[in-house]
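I opened my notebook beside the viewer and wrote down what I looked up, in the order I went. Here are the entries.

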Amino acid sequence: MESLREGVWNAELIDPSGSRRAKPRRIGLTMVIDKGLGRTAFRDMIETAGDYIDIIKLGFGTSALYSHELLREKITLCKQHRITVMPGGTFLEIAVLKGLVPEYLDTVTRLGFDGIEVSDGTIDMPKEVRHELIEHGAALGLKVFTEYGKKAWGSKLETEALIQTIQDDLKYGSEFVTIEGRESGKGVGIYDEQGKCMGGIIEDVLAQLPDPHVVLWEAPLKTQQAELINRLGPETNLGNIAPDDVLSLEALRRGLRADTINGLIRKAGK
Amino acid sequence: MESLREGVWNAELIDPSGSRRAKPRRIGLTMVIDKGLGRTAFRDMIETAGDYIDIIKLGFGTSALYSHELLREKITLCKQHRITVMPGGTFLEIAVLKGLVPEYLDTVTRLGFDGIEVSDGTIDMPKEVRHELIEHGAALGLKVFTEYGKKAWGSKLETEALIQTIQDDLKYGSEFVTIEGRESGKGVGIYDEQGKCMGGIIEDVLAQLPDPHVVLWEAPLKTQQAELINRLGPETNLGNIAPDDVLSLEALRRGLRADTINGLIRKAGK
Amino acid sequence: MESLREGVWNAELIDPSGSRRAKPRRIGLTMVIDKGLGRTAFRDMIETAGDYIDIIKLGFGTSALYSHELLREKITLCKQHRITVMPGGTFLEIAVLKGLVPEYLDTVTRLGFDGIEVSDGTIDMPKEVRHELIEHGAALGLKVFTEYGKKAWGSKLETEALIQTIQDDLKYGSEFVTIEGRESGKGVGIYDEQGKCMGGIIEDVLAQLPDPHVVLWEAPLKTQQAELINRLGPETNLGNIAPDDVLSLEALRRGLRADTINGLIRKAGK
């Protein structure tokens, strides 16, 4: 598809930053949160922006709220476009609360999901349970995304605990660790009450990891996406992106939008 | 449809709160505001979320702005899915201002709407006119939703006047009284300038009504929906819900989302 | 289409303000920003709201991010509905930065765009370059929209510089001058940090222009749209309107929505 577009637009106009690579990619991942898109809207998103989406999360428990058949179509479309698809972490937390983890994971795999999110944003979860869930998911062949952070308003990151959690999660089989940003992007994790990134923490954490690309930052607001791209580069992994914002984000990554042009294009040395 | 989904997901995972009932229901109503959805988006919404929508309001005067044929399709789809459909209250206020109430109601019934909203959010309206409009609508076989509250920024509820209005409206034939929240959810009715619910008023009002379920709270913001569900229970009637938020709201009602899990699931005693 | 609707609704109910005219119109223009709509969503928008859209901007560099074929369909639909279609000004700024202006304009005209936006919101651009770009675009038969204002947070309008720019731009071949409001509508141009219009400037500028209708105000927020309509009348040119808001804006222009009823209907003298 990229090649088709290149026939129309000069390659430098398509990616002024000169940094984006095609799928499947290991870095520069974009994870979308679908809070219940209809059939046509989902198809539209895949057609228009499928090349720029690496993971789709069917947010919290919404995948249980529409028809089995629509859910199957979404999962099938994701597979056809090399997009990992998983239910929201909250849904697994409910299964834990209800003592229904085996039933839950059985349904998830039977439906064809190929990822799960393991989180403890809402419930208290002993470390052992977290590690068992990671191992269980990985053993079923699912890509495991663990999440760090509480969903409660005002919950802040603690650098040491985060680094320890990342190291443990990876050891048990997690592939990526997402940092809680909720869907609103305000007052949790690395964001203050206005949704601005709090200085310093991010670089601190990344400096202490052997591979910074295991981290996926939930960044629902455009200002957050732009700031993370300007600070960490266009190949930063970003998550909880709204379906309508995928192309805008891709434009930010490539230096095709005001907020990142000066940083990215000048870096690209033109 | 619920039964189909139950074949896939464990019933406790579909509704951890154990409280949701199927349509037609008298409580736990969800009213959506459509500000001009296109044909496909409307069909998508009905397919994906029709089971969770009880009323659709075609906001303010938008139903006069697209083709008659599209309007007919929307109305027909609502009827097929047991959804009450009505034009926005502002449109009737304009008919009052212009002296065109009979023409307006004639068009509304000929088009197949089965509800109307009677409000005085923008214009001054003597009580007698309000009561006549309610009687007129009810006599035509329309479900009448009256609205309490002014749309102007900073308009606050007055408890006594509200209770008096509810009692009068019901007497004249209104089925539900909606409490103004606008589409923005800020600085009107029970919401302060940040859109937070102001303490106390809600419970005060409900305690003085024989049937609290005649009230339908306009709650466009997710934080408002979560707070009202946590305070008043999952079967609270909520309105002015954006089309994209219907499944999120249903997840909140069922305890399938972080904001209501702790309240609802623990109440369900599991 | 208007005539069809009039057969259903009384004409005074369709346009209480009595001021809206059909396309093609020179005043009361609505410019939509498309940040990457899918195929069906775009068709929906044109079907539902095409009568009320005069210009569509395919925001910043997004037109290079989806398939050539989808881009062609969007452009064709615009032509069929007498809508001017142009890429975002940021895209041209990138072409300037990269030294690719001729290639850029060649692609734009070959694709069938019939408008361009000339801006310097992000890069520094000598006046001579701006004027050359305007002349170049006009010579290619494109409608030229120039933009005044910087995209950086806190950039304010300077009245004198704005008036001088408008006069110069028109002289070189620009048809309209848009005033920067970004997509967020906050902290730039005539808007303060909360997105409110700053008093006085607008009227100052307009009073000094021979024809105030050469100005097109970017007004992405509903409060801004309502305020500009109430201050400058329903036939003010407004831009950066979100696709979902076109019918709401049209309702505001006609006095079919609370925020403008009192001003417009009373002015209409009924």
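**Entry 1: chains A and B.** I began with the contact of these two chains, which takes 36 residues from chain A and 31 residues from chain B; contact here means heavy atoms within 4.5 Å. For the record, this is a predicted model, in which local features need pLDDT of at least 70 and side-chain atom pairs count only at pLDDT 80 or more, while totals for chains, interfaces and linings use all residues. Residues are numbered from 1 along each chain as its sequence is written, chains are lettered from A and ligands numbered from 1 in the order in which they are written, and side-chain values use heavy atoms, with hydrogens and water left out.

I then looked up the buried area between chain A and chain B, and it comes to about 3,000 Å², with 64% from carbon and sulfur atoms. Buried area is the accessible area (1.4 Å probe) that two parts lose on being put together, summed over both.

How many salt bridges are there between chain A and chain B? I find four, where a salt bridge is a side-chain nitrogen of Lys or Arg within 4 Å of a carboxyl oxygen of Asp or Glu. Arg39(A) and Glu47(B) pair up in a salt bridge, at 2.4 Å from N to O.

On chain A, the side that touches chain B draws at least two residues from each of α3 (39-49), α4 (68-80), α5 (89-98) and α6 (101-111). Helices (H or I, at least four residues) and strands (E, at least two) are DSSP runs, numbered from the N terminus. Sorted by class, this side of chain A has 17 nonpolar, 11 polar and eight charged residues. The classes are simple: Ala, Val, Leu, Ile, Met, Phe, Trp, Tyr, Cys and Pro are nonpolar, Asp, Glu, Lys and Arg are charged, and the others, Gly among them, are polar.

I also noted nine residue pairs in polar contact between chain A and chain B, both residues being at pLDDT 80 or more. A polar contact is a pair of N or O atoms within 3.5 Å; within protein, one must be able to donate a hydrogen and the other to accept it, and residues adjacent in sequence count only if both atoms are side-chain atoms.

**Entry 2: chains C and A.** Next I turned to chain C, where 36 residues are in contact with 31 residues of chain A. The two chains bury about 2,900 Å² between them, 64% of it on carbon and sulfur atoms. I count four salt bridges across this interface. In one salt bridge Lys98(C) meets Glu12(A), with the closest N and O atoms 3.5 Å apart.

**Entry 3: how the copies relate.** I laid chain C on chain A: a turn of 120° and a shift of 0.0 Å along the axis give an RMSD of 0.0 Å. That is the relation of a three-fold axis. The superposition is by least squares on the C-alpha atoms of residues with pLDDT of at least 70 in both copies. Why do the copies meet through different surfaces? Because only 3% of the interface residues of chain C are also interface residues in chain A.

**Entry 4: helix α5(C).** Eight of the 10 residues of α5(C) are buried, so this helix is largely enclosed by the rest of the structure. Buried means under 20% relative accessible area, exposed over 50%, and partly exposed in between (1.4 Å probe, protein chains only). Among the buried residues I listed Phe91(C), Leu92(C), Ile94(C) and Lys98(C). After α5(C) comes Gly99(C), with a positive phi near 70°.

**Entry 5: Ser248(B).** I found Ser248(B) in helix α11 (residues 246-254) of chain B. Is Ser248(B) buried or exposed? At 3% relative accessibility, Ser248(B) counts as buried. Beyond its neighbours within four places in sequence, Ser248(B) is in contact with Lys35(A), Phe60(A) and Arg257(B).

Entry 6: The peptide bond between Lys23(A) and Pro24(A) is cis, with omega about -10°. Pro24(A) sits in the loop between α2 (11-14) and β1 (30-34) of chain A. In chain B, the bond from Lys23(B) to Pro24(B) is cis, with omega near -10°.

Asn240(B) belongs to strand β8 (residues 238-241) of chain B, and is buried at a relative accessible area of 5%.
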